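Open the model in your viewer and have the selection tool ready.

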Amino acid sequence: MRIRLSYLPLITVCISLACTAAPTLDDLYAQQVMLKQAEQDYRQRAKFLAGGEADDYQAYIVGLRDRLAQDCDAMRLNGVALPADIDCPRQFIRQVAPLERDPNKSLTESERTETLDAELEAGLGDYDELLLREQARVKADRPRSAGEGGGGGLAGGADGQSGDEAGSAGTDGQTADASDEQMADTSIERPPVATGSGGGKQTVASGQPDNIPDGSDDDVVARQLRKAAEQETDPELKKKLWEEYRKYKQGTQSQ
Amino acid sequence: MNTGNAILRVWWLAGVLLLTACSATHQNVREDTQVQRSDSEVVESQLLDVWITLFDSGELPDDEDDAKGLSIEIREAEARYMPLLLRDTLERTGYWGAVRVVPGGTEGGEVRVHGTILVSDGEHLELMITAQDATGFEWFRHSYEAEAMLEDYQRTAATGRDVFQALYNTIANDLAQHRLTLSQSEVTNIRRVAGLRFAADLAPDAFDGFLDEKDGEFSVQRLPAEGDPMVGRINAIRERDFLLVDTLNGHFDNFHAEMQDPYFQWRKTRLEELEAMREIERQARNRKLLGAAAIIGAIAIEAMGGDSTRASTGSLRNMMIVGGAYAIKTGFDKDSEATIHQDAVEELGESFAAETQPLVVEVEGETHELTGSAENQYQQWRGLLRRIYATETGLIDAAQ
């Protein structure tokens, strides 16, 4: 499904307007969930998006990132200590003006760490840009014959079977709750990824309000919002995310 | 039995077991092998990422006839093309996390799959596949062999399915079978080891002693403390590492898309020519044999028959000799026709190699450029992480 270019100003305006109100921690959490979902979704779908869609999606992600970064900044300026599980985006840190220091005064350890962290974040931001440019180049180089279905990947069912015809085997109970074996927060993580198309149905969390559209005509942004809402376990955040989804859908339908 | 003998026997037995364990097994792939899919979604914490290294191109056949129309340039293209088919197959099974193709020598990944092309001529495909997890444990080392007929190419032309898809399905099934033997804690351990190996590579000072390595196998000794800021930094860099691999796969996808049609056509046309050549060679051989038999028969009649027989069969013998000679001649003519097909096979190979070589050079250049920039960047980050670690732990000298 293509994102409609006409929605972009709407999204941008929404993001800008949201920045004008004083943010709360709940806002930050909701924004963080949306951003992570968007990044994950983009990563999964990037190769299936047409050039225009990809650009729009990237712009959307950048918008989310900026919004979260600015809200983080605002919270900090208000003297709110941000919880450790809020991951303020790198771009924000790059925009922070260097601390004004007396050159004669030596830096404390934490100041020095802060400076080095900022340097690292700046490097990460630059590297992100490099990779985005490279991805744009990849898309530009994609042969036309590859079409929308991805660059050269075989068509679905090319393994000689399709759908239910495929053989299957159990997963040794590993689809059950594996929380006791989940990676601790202290572990080196890797981003969550999509499984192959052979995966079973997506688990849909309950708590969906009644007035939510069925999502059959969602564009990428709506899909993103919906997914974030479905997967959120915090009832308050879930409610906010559904609300965002509903508003967005209303906005797109009135266009 | 004395103790010395007993020890020797134990060592011998251990040696045999080790050799058995290390040696590769061989499978002739059934053409109707279907890929096994997970019947339910695997929870994210139990997904393992698979990195498939670009294959080794292997060696061309020693036999000149077998090697006709093949070249190392084509093999190099195949070594980049085939891992993508395996990747696409694995992605569809639902057993794995991200499945990506990576350049040779790339460190990382939770499950690593490596292949070597043993035989590939469009008619036969034989691959040696090794699978290993991040702990260094080798899952298996198998060779897979499959054969394709001209009809297979005709049948799959419209579907986009590779004629050797059954071979990739079999590899995917073997990987899935091994995955199913792993317990949840084993999967978690593999993921942790992969993460810590990445961390130790980037910040060896900060992650010293978290892993133990013995004979190429890694085990977790301890985990980072809760809230360790260094973990956050490593995760941020690791995220970029995945993005880098994704970007590389974009280039590989483009390569695949450009190579798919010409590769299919080359293999199909090559097989057509080979089959035509074999048919002509068979006819030529038969004609020569018939001709020779006729001549021999004529001579035998002459030698063994009496005067009356020789007199009465004179014209028949002449006809047999002349006919035999003609049959042999046409046999040789057929050989010339076969040579035309041989030349066609050669030309097809040269033409396909010329077509793919720029593609290989291009994707190789892009890979080098990207991994080169990444390595420079990682080197800077290594230095930065070292300074941060030194600052945080009070090692001021190192931080300066």
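Select Arg30(B): is Arg30(B) buried or exposed? Arg30(B) counts as exposed, at 56% relative accessibility. The classes are buried (under 20% relative accessible area), exposed (over 50%) and partly exposed (in between), with a 1.4 Å probe and protein chains only.

Some ground rules come next. This is a predicted model, where local features need pLDDT of at least 70, side-chain atom pairs count only at pLDDT 80 or more, and totals for chains, interfaces and linings use all residues. Residues are numbered from 1 along each chain as its sequence is written, chains are lettered from A and ligands numbered from 1 in the order in which they are written, and side-chain values use heavy atoms, without hydrogens and water.

Asp32(B) is partly exposed, at 43%.

Next, select Glu392(B) and Arg233(B). They form a salt bridge, 2.8 Å from N to O. Glu392(B) belongs to helix H8 (residues 314-393) of chain B and Arg233(B) to helix H6 (residues 229-304) of chain B, so the pair ties together parts 159 residues apart in sequence. Helices are DSSP runs (H or I, at least four residues), numbered from the N terminus. Arg233(B) is buried at 6%; Glu392(B) is partly exposed at 30%.

Move to Glu375(B) and Arg382(B). Their salt bridge spans 3.0 Å, N to O. Glu375(B) is partly exposed at 39%, while Arg382(B) is buried at 16%.

Last stop: select Glu134(A), Arg137(A), Glu366(B) and Glu369(B). Salt bridges with shared partners join them into one network. Over all chains, the structure holds 26 salt bridges.

Methods: Salt bridge = Lys/Arg side-chain N within 4 Å of Asp/Glu carboxyl O. Helix = DSSP H or I, 4+ residues; strand = E, 2+ residues; numbered from the N terminus.
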